[in-house]
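Please find below some notes on the model you sent.

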Amino acid sequence: MKIWWLDYHPAYNTVNFENYEDGKNLREILQDASPLSRNWVSHNVVLDNKGKPSDILNAVGGSLIVSERAKEIITQLPDTNVEFLPLTSSEGEFYVLNVLTVLNCVDPNQSKEKRLGSSNKLIDYEELEFYKDVVQDKDLFRIMLHEGNRVLPNIYVSDRLKNLLDNHLEGYQLVEMWDSEMSWKQKEEKYASMCEEIDGSLKLTFNFEKAINYVQKNKGQLIYSGKWALKVDEENEILLGQLLLDGTYSWFNPVYYPPVILGLTWGTKEKRKSLFDILNFK
C-alpha cells in the first residue's frame with residue numbers, strides 16, 4: 001500500500017479570496033484541524049481561469065479548496081471525517097475541505113527529520129515512514145509531529161481515494177510519500193545504484209557545452225550524467241530529464257541551468273551487443 005500527498009496544481013484553474021484578510025485569517029483558523037461548521041461564515045472567492053479545469057483549486061492553511069464534483073467524489077467513501085465549508089462565488093460551487101482526522105502515525109526512528117538550527121526543534125519531515133497499522137484503514141488524514149503538539153498542513157490520501165480521484169477529477173497533484181513495500185532508505189539506495197550504473201555505462205564523455213552540441217546535431221539521441229539526461233524535442237528545444245525510480249525520465253524545458261548541471265561530465269551510453277553482433281564478431 002501507498003500513501004499520497006494531495007495538493008492543488010498552480011498551472012490549472014485556481015480560486016483566491018476576494019479579500020486578502022479573509023484568506024489570511026482562515027489560514028490561521030484551519031491550521032489545527034478543528035471542526036468549524038457550527039460557526040462557519042462563508043467568504044467570497046474569485047476564479048483565476050487559466051483555461052485548465054480543476055477540482056482542487058488552492059490550499060489554505062491545512063485545508064484545500066475544492067469543487068462541487070470533488071465534494072461528491074470524496075463523500076462516496078465512508079468515515080472520511082471531513083467538513084465541506086461552503087464559499088461564495090458567482091463562478092461555481094466551491095468548498096473548503098477541512099480534514100478532521102489527525103494521526104500520530106510517524107515512526108520517528110525511521111523517518112528523516114527536519115529540525116530548526118541551534119534550537120533543534122522538530123518542524124517537519126524530509127522523508128516519512130508510517131506505522132502501517134495506523135494508516136492502513138484511513139483514506140484521508142493529516143499527521144501530527146511526534147514531538148510537540150503541531151499538526152502538519154499536508155493532506156494525505158490512500159490508494160483507494162487516489163483511484164477515485166484519478167478516475168473522476170482533474171487539475172491536482174498527487175505525490176507518493178510512503179510505500180509499505182519499500183522504505184525511503186531503500187529507494188535512495190536503489191536510486192544511487194541506478195545513477196552509478198548509468199555513469200559506469202557511458203562511452204564517449206564530454207563537458208556540458210559539447211553535450212548540448214551533441215544532442216542538437218543528433219536529434220533523438222540522449223546524453224546522460226547520473227540522474228540527468230539531455231535531449232531535443234520536435235521544435236529543437238533542449239529538454240532536461242530527471243531520472244525516476246521506475247527508470248523513465250521526467251522531462252522539462254529549464255529556464256536556466258543550475259551550476260551543478262554545468263559542471264557535470266556527460267556522455268553517451270555504451271550500447272549492448274546484440275546476439276547477431278556477437279555471432280558475427282570478427
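1. Helices (H or I, at least four residues) and strands (E, at least two) are DSSP runs, numbered from the N terminus. The largest share of the lining of the largest pocket, six residues, is supplied by S13. Residues are numbered from 1 along each chain as its sequence is written. This is a predicted model, in which local features need pLDDT of at least 70 and side-chain atom pairs count only at pLDDT 80 or more, while totals for chains, interfaces and linings use all residues.

2. A pocket here is an open set of points on a 1 Å grid over the protein atoms alone, where a 1.4 Å probe fits, with protein on both sides within 12 Å along at least five of seven lines; lining residues have an atom within 4 Å of a point. The largest pocket has 25 lining residues, and those nearest its centre are Glu-127, Val-175, Glu-176, Lys-187 and Leu-245.

3. At least two lining residues of the largest pocket come from each of strand S10 (121-127), strand S13 (172-179), helix H5 (184-200), strand S17 (238-243) and strand S18 (249-252).

4. In secondary structure, the chain has eight helices and 19 strands. Along the principal axes, its C-alpha atoms fill a box of roughly 85 × 45 × 45 Å.

5. The chain has 282 residues, and 40% of them count as buried (under 20% relative accessible area, 1.4 Å probe, protein chains only). Of the contacts (heavy atoms within 4.5 Å) between residues at least 6 apart in sequence, 64% join residues at least 24 apart.

Key
Heavy atoms only, no water. Buried < 20%, exposed > 50% of the residue type's maximum accessible area, 1.4 Å probe, protein only.
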